[in-house]
Amino acid sequence: MGVGVNYILGGRINNTLYLGLGLGAGWQQNPYSSEKLSFPLYGHTRTYFGKRRCQPFLSLSAGVKFANTGKQAGLYGNPSFGVNIRSKSGNNNAWYISAG
């Protein structure tokens with residue numbers, strides 16, 4: 001069980017493809033490891049389905065993850081699915097909800 005926050009800077013290539021770079025910070029309660037805090041740095045891609053205001057998507061993030069214990073960096077991956085809800089105002093803002 002854990003919680004984290006991520007920031008992804010990118011943009012839509014077309015109506016179905018989004019590419020970006022992300023970084024984050026996360027806390028995880030893991031009984032098998034002393035690593036509690038982690039900091040991933042990754043590439044992100046998202047594929048949208050449909051052309052509606054509310055679009056389902058699949059996404060994949062892959063990169064490296066640094067831990068607060070000073071250990072060597074490890075691999076990071078996060079496949080997910082969700083829904084993107086674009087704003088009605090036409091200013092390219094959107095909310096998205098995902099799980100993965």
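Strands here are DSSP runs (E, at least two residues), just as helices are DSSP runs (H or I, at least four residues), and both are numbered from the N terminus. By that rule Asn84 sits in strand β5. The structure is a predicted model, where local features need pLDDT of at least 70, side-chain atom pairs count only at pLDDT 80 or more, and totals for chains, interfaces and linings use all residues. Residues are numbered from 1 along each chain as its sequence is written, and side-chain values use heavy atoms, with hydrogens and water left out.

First, the overall picture. The protein chain has six strands and zero helices, so reading along the sequence gives β-β-β-β-β-β, with strands being the DSSP runs described above. Of its 100 residues, 21% count as buried, where buried means under 20% relative accessible area, exposed means over 50%, and partly exposed is what falls in between (1.4 Å probe, protein chains only). The chain exposes about 7000 Å², and carbon and sulfur atoms supply 63% of that area; accessible areas come from the Shrake-Rupley method with a 1.4 Å probe, and for residues only the protein chains shown count as cover. As for contacts (heavy atoms within 4.5 Å), residues 24 or more positions apart account for 40% of those with a separation of 6 or more.

On the outside, a nonpolar patch is made up of Val3, Tyr7, Leu9, Leu23, Trp27, Leu37, Phe39, Leu41, Val64 and Phe66, which together have about 970 Å² of accessible area. Patches are made of residues with over 30% relative accessible area and no salt bridge; like charges are joined within 9 Å, and nonpolar side chains (Val, Leu, Ile, Met, Phe, Trp, Tyr) within 5 Å. A salt bridge, in turn, is a side-chain nitrogen of Lys or Arg within 4 Å of a carboxyl oxygen of Asp or Glu. The patch draws at least two residues from each of β1 (2-12), β2 (17-28), β3 (37-48) and β4 (54-67). One of its members, Leu41, lies in β3 and is partly exposed at a relative accessible area of 47%. In a regular strand, side chains alternate between the two faces of the sheet.

His44 is also in β3, but this residue counts as buried, with 7% relative accessibility. Its side chain makes a 2.7 Å polar contact with the side chain of Ser61. A polar contact is a pair of N or O atoms within 3.5 Å; within protein, one must be able to donate a hydrogen and the other to accept it, and residues adjacent in sequence count only if both atoms are side-chain atoms. Leaving aside neighbours within four places in sequence, His44 is in contact with Ile8, Tyr18, Leu19, Gly20, Ser59, Leu60 and Ser61.

Gln55, in β4, is buried at 0% relative accessibility. A polar atom of the Gln55 side chain lies 2.5 Å from the backbone oxygen of Gly50. Beyond neighbours within four places in sequence, the contacts of Gln55 include Arg12, Tyr48, Gly82 and Asn84.

That leads back to Asn84, which is buried too, at 4% relative accessibility. Not counting residues up to four places away in sequence, Asn84 touches Arg12, Tyr48, Arg53, Cys54, Gln55, Phe57, Ala94, Trp95 and Tyr96. Asn84 and Phe57 are 27 residues apart along the chain, yet their C-alpha atoms are separated by 7.2 Å.

Finally, Ser87 belongs to the loop between β5 (74-86) and β6 (94-99) and is partly exposed, at 29% relative accessibility. Ser87 and Arg53 are 34 residues apart in sequence and 7.8 Å apart in space, C-alpha to C-alpha.
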